[in-house]
Amino acid sequence: QIEQAVRRWSDALESPNSVRNVIGHLGTMLQEVVRFGLRTANPARAVRKPKSVKKKIAPFSPSELLAIIGAGADLWRGRPLALVAGTGLRIGECLALDVGDYDPATGTLSVTKTLSIKMRIGPPKSAAGTRTVYVPLACRPVVLAAIGRRVRGPLFATRTGRHTSHDGAKRAFDLIQK
């Protein structure tokens with residue numbers, strides 16, 4: 001039955017990677033069934049997964065990154081995108097930054113946390129995620145504009161003083177793309 005489902009998923013889903021992901025989730029669920037003693041074996045483990053496909057990425061060119069920095073700097077919600085374009089930070093790392101994480105004397109940011117889609121602050125994705133990042137000269141006005149006169153709080157704050165959400169950053173990126 002699982003093999004038949006995999007064939008249907010392969011027809012319905014565009015990517016073999018998505019099918020592999022679904023099989024993985026199913027396997028995890030069925031492993032709990034085994035753990036609770038309702039089955040003796042996990043049938044999803046015997047299923048052949050389709051070969052994964054490496055996705056080719058198309059990174060932004062330097063001129064495109066400069067355009068994102070410029071356009072992002074002009075939008076209040078676009079400032080995090082400008083910083084991401086200039087530094088390579090993950091969006092969650094950028095949104096989790098606080099005013100005190102920026103050192104204007106050295107032009108660096110201290111990255112020690114990340115903001116999840118559920119608006120929870122947590123540790124970076126990996127141990128190597130805790131680091132100091134140089135802010136290019138083109139991005140420093142963006143950081144200073146985001147800080148304004150504040151001495152603490154989120155670097156990219158909403159009008160109510162909270163961290164900007166992933167949705168807010170996505171809406172800004174949609175505006176920049178137009």
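Q: What counts as a salt bridge here?
A: A salt bridge is a side-chain nitrogen of Lys or Arg lying within 4 Å of a carboxyl oxygen of Asp or Glu. The model to which this criterion is applied is a predicted one.

Q: How many salt bridges does the structure hold?
A: The structure holds five salt bridges.

Q: Which residue meets Glu-32 in a salt bridge?
A: Arg-35 does: the side chains of Glu-32 and Arg-35 come together with an N to O distance of 2.8 Å.

Q: How are those two placed along helix α2?
A: Helix α2 covers residues 16-35, and Glu-32 and Arg-35 are three residues apart in this helix, which means that about one helical turn separates them.

Q: Is Arg-35 buried or exposed?
A: Arg-35 counts as exposed, because its relative accessibility is 57% and the threshold is over 50%.

Q: Changing topic to rings, what lies over the face of Phe-36?
A: Arg-35 lies there, at 4.8 Å from the ring centre.

Q: Is Glu-93 buried or exposed?
A: Glu-93 counts as buried, with a relative accessibility of 2%. Arg-131, by contrast, counts as partly exposed at 26%.

Q: What about Asp-98, which residue does its side chain meet?
A: The side chain of Asp-98 meets that of Lys-113 in a salt bridge, with 3.5 Å from N to O.

Q: Where do these two sit?
A: Asp-98 is in the loop between α5 and β1 (102-103), while Lys-113 is in the loop between β2 (108-111) and β3 (114-115). The pair links distant parts of the chain, 15 residues apart.

Q: How accessible are they, buried or exposed?
A: Lys-113 counts as buried at 14% relative accessibility, whereas Asp-98 is partly exposed, with a relative accessible area of 24%.

Q: Finally, which residues do salt bridges with shared partners join into one network?
A: Arg-90, Glu-93 and Arg-131 are joined in this way.

Terms used:
Residues numbered from 1 in each chain as written. Predicted model: local features only at pLDDT ≥ 70, side-chain atom pairs only at ≥ 80, totals over all residues. Heavy atoms only, no water. Lys NZ or Arg CZ within 6 Å of the ring centre and 35° of its normal. Helix = DSSP H or I, 4+ residues; strand = E, 2+ residues; numbered from the N terminus. Buried < 20%, exposed > 50% of the residue type's maximum accessible area, 1.4 Å probe, protein only.
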